[in-house]
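Hi,

Here is the structure I said I would pass on.

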Amino acid sequence: MNSLSDRYDRLTRAFHWLTAAVVIFMFASAHVWENLAKGTPLRKGLQSVHISLGIAMALLIAARLLWRLFGGKRLKADSHPVLNLLAKMAHGCLYLLLLAQIALGFLYRWAQGEPFNFFGLFSVPAPFGVDHEWRGTLGDLHNDVAWAIIVLAGLHAGAALWHHCVMRDGTLRRMLPRPRSAWQK
């Protein structure tokens with residue numbers, strides 16, 4: 001079992017759980033607004049929050065990658081080498097899918113030719129023209145990558161639960177906050 005000092009640092013944990021929450025909200029919101037009539041305030045509101053959180057996700061992933069490269073606590077792998085390799089591959093795929101999703105979201109919005117702003121505070125102009133004819137393809141790819149992220153993130157969560165419930169090691173605890181009893185010592 002891992003000790004309390006064998007946990008990821010607070011910023012790494014915050015990045016992880018914030019990313020998970022934003023991904024889940026964005027996925028759910030897109031599927032909710034698909035069932036709402038076009039032009040309704042709730043549909044437009046969900047789309048606006050989704051777009052703003054997409055911009056925030058771009059910044060979050062950039063910060064997360066920089067922290068992973070130059071900061072963040074590195075923990076020693078404590079599983080079988082094949083499991084460690086699979087975990088690294090899954091993490092790498094999640095990062096690549098998130099980056100692809102962000103790029104596709106931006107390209108899709110620019111291809112739609114509609115306003116693209118962050119909670120009404122500032123606009124994100126297109127650095128180059130994106131042909132309006134690509135909007136259907138980009139939208140389909142954006143949806144497909146969203147599903148790939150959800151499936152892979154679900155497998156990631158399942159693996160964490162397997163470590164916790166079956167292997168009874170400290171893998172899941174590495175990403176959880178410290179128990180209150182640990183703060184009182």
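The protein chain has five helices and two strands; these are DSSP runs, H or I of at least four residues for helices and E of at least two for strands, numbered from the N terminus. Starting at the N terminus, the order is α-α-α-β-β-α-α.

A quick word on the source: this is a predicted model, where local features need pLDDT of at least 70 and side-chain atom pairs count only at pLDDT 80 or more, while totals for chains, interfaces and linings use all residues. Residues are numbered from 1 along each chain as its sequence is written, and side-chain values use heavy atoms, with hydrogens and water left out.

Of the 185 residues, 34% are buried (under 20% relative accessible area, with a 1.4 Å probe and protein chains only). Take contacts (heavy atoms within 4.5 Å) between residues at least 6 apart in sequence: 73% of them link residues at least 24 apart.

Now zoom in on helix α2, residues 41-70. Its 30 residues span 43 Å from first C-alpha to last, close to the expected 44 Å (1.5 Å times one less than the number of residues).

Cheers

How values were computed. Buried < 20%, exposed > 50% of the residue type's maximum accessible area, 1.4 Å probe, protein only.
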